[in-house]
Every structure is written in C-alpha cells, then in structure tokens.
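Biologist: I'm new to this one, and I'd like a close look at a single part of it. Could you pick out the salt bridges and walk me through what sits around them?

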Amino acid sequence: MNGTINISQLLMLFIPLVILQIGLMIWALVDCVKREYVTGGNKVVWILVIILLNLIGPILYFILGRQDKPSGDAS
C-alpha cells in the first residue's frame, strides 16, 4: 500500500453514513406523519423537505418543523 485508499476502506466510511441518513430520514418521516401539528401546518411540505434534502432535511425538521400545538392556541 502506497497511501492509496481502496474500495473496502471507502465502504467502511460510506456505509455508516448511509445507515445514519436513512435511519434519521425514517425517524423524521414517522414523527411528521404521527404528529398532529407541524410548523407551517403543511405536512406535505415537511415530508418533501425530509426526503429531498437528504441529511439536512430531517435535521431541519427536528429543529424547525416539530410543533406540539398550533400557534395562537390559548389552551
């Protein structure tokens, strides 16, 4: 080996990242579907963000999209 990286070394780095990304995406999608309210009130938009923005989409959902009750609800 003269300092080059072979395919098995790349896979050892790549596979855990893919598993993390898929797991986070599934977790965010399940949470979004089960949650009664989301920020902005449009679950379809959040589902598209989660799916289309790969790793960043689920993170954005967990930071910005989760909402326990709609804003303006006094109860």
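Modeller: Let's start with arginine 35, which counts as buried because its relative accessibility is 15%, under the 20% cut-off. Keep in mind that this is a predicted model. You'll find arginine 35 in the loop between α1 and β1 (37–38). Leaving aside neighbours within four places in sequence, arginine 35 is in contact with Lys43, Tyr61, Arg66, Gln67 and Asp68.

Now for its partner. Aspartate 31 forms a salt bridge with arginine 35, and the closest N and O atoms are 3.2 Å apart. Aspartate 31 has its place in helix α1. With a relative accessible area of 15%, aspartate 31 is buried, since that value is under 20%. Not counting residues up to four places away in sequence, aspartate 31 touches Tyr61, Phe62 and Arg66. Tyr61 turns up in the contacts of arginine 35 and in those of aspartate 31.

As a general point, side chains of opposite charge can pair when their charged atoms come close. Here the count comes to 2 salt bridges. In the other one, the side chains of arginine 66 and aspartate 31 meet at 3.5 Å, N to O. That pair links distant parts of the chain: arginine 66 is in strand β2 (residues 66–67), aspartate 31 is in helix α1, and they are 35 residues apart. Arginine 66 is partly exposed, with a relative accessible area of 38%. Because the salt bridges share partners, Asp31, Arg35 and Arg66 are joined into one network.

Buried residues make up 20% of the 75 residues, and both aspartate 31 and arginine 35 count as buried. Of the contacts with a separation of 6 or more, 55% are between residues 24 or more positions apart.

Tyr61 also leads us on to the packing of the helices. The axes of α2 and α3 come within 6 Å and cross at roughly 140 degrees. On the α2 side, the contact is made by Trp46, Val49 and Ile50, while α3 brings Gly57, Pro58, Leu60, Tyr61, Leu64 and Gly65. Those residues divide into 7 nonpolar, 2 polar and no charged.

Leucine 64, one of the α3 residues in that contact, is worth a stop. At 49% relative accessibility, leucine 64 counts as partly exposed. Leaving aside its neighbours within four places in sequence, leucine 64 is in contact with Thr39 and Trp46. The C-alpha atoms of leucine 64 and tryptophan 46 are separated by 10.0 Å, and the two residues are 18 apart along the chain.

The elements giving two or more residues to the patch are α1 (7–34), α2 (43–52) and α3 (56–65). Isoleucine 63, also in helix α3, is exposed, with a relative accessible area of 63%. For the protein in total, the accessible surface comes to about 5600 Å², and 72% of that belongs to carbon and sulfur atoms.

Technical notes: Residues are numbered from 1 along each chain as its sequence is written. This is a predicted model: local features need pLDDT of at least 70, side-chain atom pairs count only at pLDDT 80 or more; totals for chains, interfaces and linings use all residues. Side-chain values use heavy atoms; hydrogens and water are left out. Helices (H or I, at least four residues) and strands (E, at least two) are DSSP runs, numbered from the N terminus. Buried means under 20% relative accessible area, exposed over 50%, partly exposed in between (1.4 Å probe, protein chains only). Axes are lines fitted to C-alpha atoms, for helices over the stretch in contact, and angles run from 0 to 180 degrees between N-to-C directions. Contact means heavy atoms within 4.5 Å. Ala, Val, Leu, Ile, Met, Phe, Trp, Tyr, Cys and Pro count as nonpolar, Asp, Glu, Lys and Arg as charged, and the others, Gly among them, as polar. Accessible areas come from the Shrake-Rupley method with a 1.4 Å probe; for residues, only the protein chains shown count as cover. A salt bridge is a side-chain nitrogen of Lys or Arg within 4 Å of a carboxyl oxygen of Asp or Glu.
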